[in-house]
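Open the model in your viewer and keep the sequence panel beside it. The stops below say what to select and what is there.

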Amino acid sequence: MTPPEAPSPDTPDSWGAASRGYAEHVAPLMMRPFAEDIVERLGLSDDAEVIEVAAGSGALTELLAAKATSVLATDFAPEMVDVLRERMKSRGATNVRCEVMDGTSLDVADSSYDAAGCSFGLMFFPERQKGFDELFRVTRPGGRVAASGWTGPDTFEAFGLFLAALNAAFPDMPPPPAPPPVFNLADPAVFGSHMETAGFRDVQVEHVAHDLEIRDVEQTWTMLTVGAPPVQALFDRVGADGEERIHDELRRVVADRFGSGPIRVRNVATLASGTAG
């Protein structure tokens, strides 16, 4: 069985539909540790004004709000921004403003912010360089910017489990013509080139690793599927039977690697930082 090619699932509607699953099952486990790395590299002062692009459900936003005097958190999916507002309100983050904006065309004046951040968002932009250019444009000279992207499946081990299950379920499925968008910023040279082309100086690109312990295979399945539009698009292609085949193979892959014990994986991200102006 070879499913047909599908259009890109990275749209405001698809990410909006995934917003609550992403907020509950994905961001707290996989994104939060790397958000702390971004904040560390921004070196924020108490009076800093910060903008965040592709904020999602706010794993990074919450940390920025605790450090800065004000945060503008933006995302292109209206439903995701609704979830973000709810989460910031529940946490008493009164210094955060949440707005729907396209990260490649921000409705923000030049040099408006002391710092800018993006957690695992730029890799999905169809015109990635425009996203980097906008981060540079809205950051004041001397301001810091930091962003993250995932490395490949061998080092982003949580996603590697899903790919192993997919390949076992559909061994004849042809590989994509290009790496999945989730890996668009895996190469430090590519990541650094985007930063330097935008105008950032003192650019540093590094690999950062965090270990993750997952309770069981069903938590793993939920984490990898409910908040990921590309995965849901795949399920649409293979149908309910194909989805169950992948689920069964994930159970087998996890049992083979981890037995009945906890699932411990290491996720590695590529993190770039630089200075505007």
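Predicted model: local features only at pLDDT ≥ 70, side-chain atom pairs only at ≥ 80, totals over all residues.

**Two helices**

Select residues 19-42 for H2 and residues 59-67 for H3; their axes lie 8 Å apart at an angle of about 35 degrees. Axes are lines fitted to C-alpha atoms, for helices over the stretch in contact, and angles run from 0 to 180 degrees between N-to-C directions. Helices (H or I, at least four residues) and strands (E, at least two) are DSSP runs numbered from the N terminus.

Now show the side chains where H2 and H3 are in contact (heavy atoms within 4.5 Å). On H2 they include Ala 27, Met 31 and Leu 42, and on H3 they include Leu 60, Leu 63 and Lys 67. This contact has ten nonpolar, no polar and four charged residues. Here Ala, Val, Leu, Ile, Met, Phe, Trp, Tyr, Cys and Pro count as nonpolar, Asp, Glu, Lys and Arg as charged, and the others, Gly among them, as polar.

Residues are numbered from 1 along each chain as its sequence is written, and side-chain values use heavy atoms, without hydrogens and water. Colour by pLDDT (the predictor's confidence in each residue, from 0 to 100): the protein averages 94, and 97% of the residues score at least 70. Select residues 1-5 to see a stretch where pLDDT stays under 50.

**The sheet**

Select S1 (residues 49-52) and S2 (residues 70-75), which pair in parallel over four bridges; two strands pair if DSSP finds at least two bridges between them. Glu 49 has Ser 70 of S2 as its bridge partner. From S1 the chain passes through H3 to S2 in a right-handed β-α-β crossover (clockwise from the first strand over the helix to the second, with the strands pointing away from the viewer).

Which order do the strands of the open sheet take? The seven run S3-S2-S1-S4-S5-S7-S6, with mixed pairing. S3 (96-100) and S6 (201-214) are at the edges with a single partner strand each, so one side of each has no neighbour in the sheet.

Finish with S6 and S7 (residues 263-275), antiparallel and joined by twelve bridges. The bridge partner of Glu 206 is Leu 271 in S7.
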